[in-house]
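Please look over the sequence and the model shown below before reading on. The briefing is meant to be read alongside them.

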Amino acid sequence: MKKALLISAGRQVSKELIEKYPDRFIIVADGGARLLMKYDLGADLLLGDLDSIGDDALTYIKEHKIEVKKFPAKKDFTDTELALSYLVDEGYKDIVILGALGTRLDHELANLLNLKKLYKKGISAKIEDDYNEVIYVEEGSYDFVRTNKKYFSLINAGDRTNFTTKGLYYEVEDLEINSENPSRGVSNEMVGDSATIKINQGSAFIIQSRD
């Protein structure tokens, strides 16, 4: 299976988190190149309109002979979505996205919805930083193991979601979340070393987080 690591230009992540995903094709969306320069890292491809990369980072990219695909500043997609489209076209089936969360709420929401689009294409994808890890899910059973992100939240991603949990502090069975109780699935915790969340109906974002 072809695996990729996408570094976007949102909130910067630690070098340790990047090194958690070795042996992947590394693609950088525009301003994410500043993170390469910060940690003296390489990459396989830089993609974007280069409007937020900065001269120092651009010089770093050239000196390290990283391939660049430049797009016009006036375009219909964000740099992150362009990078994801490239990875889909190239047949990548496992994608980890770093730097997709941060101060721009509009970009953040669009990035979360990109997870849904990737899911529909049969691609395993998640957004992660040092505080959060997010996946999009539909009907099925999902297993988790304990990490430093101890909180579990389930956010409805459609009209309604019905789910069951096992191994969490607040166990629920056939709980429905909709527009009337949107925070009902927020801030659960794993009690052992593993847990399972079963989506009985609907779709959701499952978020693991830490303070």
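What follows is a short briefing, grouped by topic.

This is a predicted model, in which local features need pLDDT of at least 70 and side-chain atom pairs count only at pLDDT 80 or more, whereas totals for chains, interfaces and linings use all residues. Residues are numbered from 1 along each chain as its sequence is written, and side-chain values use heavy atoms, with hydrogens and water left out.

**Overall form**

- The chain has five helices and 14 strands, where helices (H or I, at least four residues) and strands (E, at least two) are DSSP runs numbered from the N terminus.
- Its radius of gyration is 18 Å, close to the 17 Å that the globule rule gives for 211 residues, so the chain is as compact as a globular protein of that length; the radius is taken over C-alpha atoms, and the rule is 2.2 Å times the number of residues to the power 0.38.
- The C-alpha trace spans about 55 × 35 × 35 Å along its principal axes.
- Of the 211 residues, 50% count as buried, a term that means under 20% relative accessible area, while exposed means over 50% and partly exposed lies in between (1.4 Å probe, protein chains only).
- Among contacts (heavy atoms within 4.5 Å) between residues at least 6 apart in sequence, 60% join residues at least 24 apart.

**Annotated region**

- A UniProt annotation from an unreviewed entry, "domain: Thiamin pyrophosphokinase thiamin-binding", covers residues 140–205; UniProt positions are given in the numbering used here, feature names are shortened, and annotations may be inferred rather than shown by experiment.
- In the model, residues 140–205 are 0% helix and 53% strand, and the end C-alpha atoms of this span lie 13 Å apart.

**Helix H4 and strand E5**

- Helix H4 (residues 79–89) is largely enclosed by the rest of the structure, because eight of its eleven residues are buried; among them are Leu82, Ala83, Leu84 and Leu87.
- The buried residues of H4 pack against strands E1 (3–7), E2 (25–29), E3 (45–48), E4 (67–70) and E5, and also against helix H5 (105–120).
- H4 is followed by Gly91, which has a positive phi near 85 degrees.
- Asp94, found in strand E5 (residues 94–98), counts as buried at 15% relative accessibility; leaving aside neighbours within four places in sequence, its contacts include Met1, Lys2, Arg24 and Ser124.

**Salt bridges**

- The structure holds twelve salt bridges, each defined as a side-chain nitrogen of Lys or Arg within 4 Å of a carboxyl oxygen of Asp or Glu.
- Glu81 forms a salt bridge with Lys117, with the closest N and O atoms 2.5 Å apart, and this pair links H4 to H5 across 36 residues; Glu81 is buried at 18% relative accessibility, whereas Lys117 is partly exposed at 31%.
- Glu138 and Lys120 also meet through their side chains in a salt bridge (2.6 Å, N to O), which joins the loop between strands E7 (132–137) and E8 (140–145) to H5; Glu138 is buried at 18% relative accessibility, and Lys120 is exposed at 53%.
- Lys20, Lys126, Glu128, Glu133 and Lys149 are linked in a network of salt bridges.
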